[in-house]
Amino acid sequence: MRPAIARLVAAGLIAAVILLALLFAVVQNRDAADLDVGGVENVVKRGAAPRA
Amino acid sequence: MSARAAFWAILYLGLILLPLLVLLLGERPPARGFWWDFSMGLGFAAMAMMAAQFALTARFRRATFPFGIDVLYYFHRILAIGALAILLGHWTILFVGFRDAMGPINPLEARWEITAGRVALGCFALVIVTSEFRKRLGLEYGLWRYLHVALAIVGFLAAVAHIGGVGYYTDAPGKQPLWLGATLGFLGLIGWTRIGKPWRQLSQPWEVVANRPEHGGARTLTLEPRGHSGLGRWQPGQFAWLTLGSSPFLLREHPFTIASAPESGPRLEFGIQPLGDFTSRIGEVEPGARAFLDGPYGVFSIDRHPGAPGFIFVSGGIGVTPALANLRSMAARGDRRPAILFYCNPDWESAAYRDELEALRDRMDLTLVHVLESPPRDWSGESGLLDRDMLKRRLPPDFAARPALLCGPPPLTAAARAALEELGVPPAMIESELFELV
């Protein structure tokens, strides 16, 4: 394998890892955002009629 | 990329991405805001990358074979810098946005798990700085290796303690075994590399039987196996890590090309130029000295190109040893495929093994092109630095179909690679050995 390819693969890997960390933060906070919409009332509503 | 190479690359990718995927899947603790969670994601990612570094340097021969271990070490170096950058991202977000949560810096007042995180960051930063600037810092190679291993292990254990101590993302019942398994797995890798392998070498000692001078101050060290059958099967042009002394546990090993051909039996020769901290004392090694070997490794071999119509070798200085091993092997096998060697040296006296190369021309189809930076007055050969025009002038008509094997100082191999590609040799046909990584 050429050093240039090794550099490219490493750069791709680092980018993938950062993207996954970003995805983790987005997914984690998307759930939180869902809960925030409508505040406590919405949570109570969801509790009454849970999603399938 | 071959299927084997793809398999190991995917396995490695999985190793790095698995901890983050596990964080994403399964039960997750409540969110703490995008930047906080992004910072944590970066921290876990950096930890996984740092831990996987141990796998890259564990020298599993099957895993190294498709790539070449020199490239894996190069990869190890780049990924370490990337992992440190990600780790700094984790720290910077917390420092800028959540400074209160980090608490005091004084370890006597700070929470122990936060101090562990700071120790990990410090160790990993020192690993990179001491590796990238070893020569400028005046660090002797042997001392650097001790420091490198110690800092990496302390940094890794501190990072594990940091993650375990904070515990927020790993306390879920399904995730604890994963982290415990991953931690033990990586500790096992360290144990294998630093204890298991040397232990195996201990039962397979070698003895220096000759240490002879060559042109240009180079030395040829000849080793014979003691109480075992030798290295087993290896390909011409491969190299091994050599330890001279009573113990293989001391981290005093150095990689050298096996200059002899596999066809010449279990006795091995190493061509060594006294250039560095360790090699400068190579002339003092007496016959009878004990030695240990870890190998063979490397991909600089004609055996990886069985269908090639011939070969191009470009060597600089002591970088001629892998070419010599391949040529010796071709001569021993009666391989009549044509080979051309561009042998670049500062001057005529520096051309080690030039007599043997000359003799090999009688036993095989070898064209020898000496390239001297400072030639003697009556020199009629090539002079100056190897370049595109010189290659074009000397290469045979079928050169683009021949694999090119380059070994020497990085500026030479880079120039040769660029020139060969410009002349039409496909990049995939050009192999090079990377030395002097630190």
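Me: Quick one: which helix of chain B does B:Leu187 lie in?
Reply: B:Leu187 sits in helix H9 of chain B. Bear in mind that this is a predicted model.

Me: And is that leucine buried or exposed, or something in between?
Reply: In between. B:Leu187 has a relative accessible area of 31%, and because buried means under 20% and exposed over 50%, that residue counts as partly exposed.

Me: Which nonpolar surface patch is B:Leu187 part of?
Reply: One of about 360 Å², which B:Leu187 makes together with B:Leu157, B:Leu180 and B:Leu184.

Me: Where does the largest share of that nonpolar patch come from?
Reply: From helix H9 of chain B, residues 175-202, which supplies three residues.

Me: What's the handedness of the crossing?
Reply: Right-handed, as H1(B) passes H2(B).

Me: Zooming out, how many helices and strands does chain B have?
Reply: The secondary structure of chain B comes to 13 helices and twelve strands.

Me: What does the C-alpha trace span?
Reply: About 75 × 50 × 40 Å along the principal axes of chain B.

Me: Last one: what percentage of chain B is made up of buried residues?
Reply: Buried residues account for 53% of the 438 residues in chain B.

Methods
Residues are numbered from 1 along each chain as its sequence is written. Chains are lettered from A and ligands numbered from 1 in the order in which they are written. This is a predicted model: local features need pLDDT of at least 70, side-chain atom pairs count only at pLDDT 80 or more; totals for chains, interfaces and linings use all residues. Side-chain values use heavy atoms; hydrogens and water are left out. Patches are made of residues with over 30% relative accessible area and no salt bridge: like charges are joined within 9 Å, nonpolar side chains (Val, Leu, Ile, Met, Phe, Trp, Tyr) within 5 Å. Accessible areas come from the Shrake-Rupley method with a 1.4 Å probe; for residues, only the protein chains shown count as cover. A salt bridge is a side-chain nitrogen of Lys or Arg within 4 Å of a carboxyl oxygen of Asp or Glu. Helices (H or I, at least four residues) and strands (E, at least two) are DSSP runs, numbered from the N terminus. Buried means under 20% relative accessible area, exposed over 50%, partly exposed in between (1.4 Å probe, protein chains only). A crossing is left-handed if the near helix is turned anticlockwise from the far one by less than a right angle, and right-handed if clockwise.
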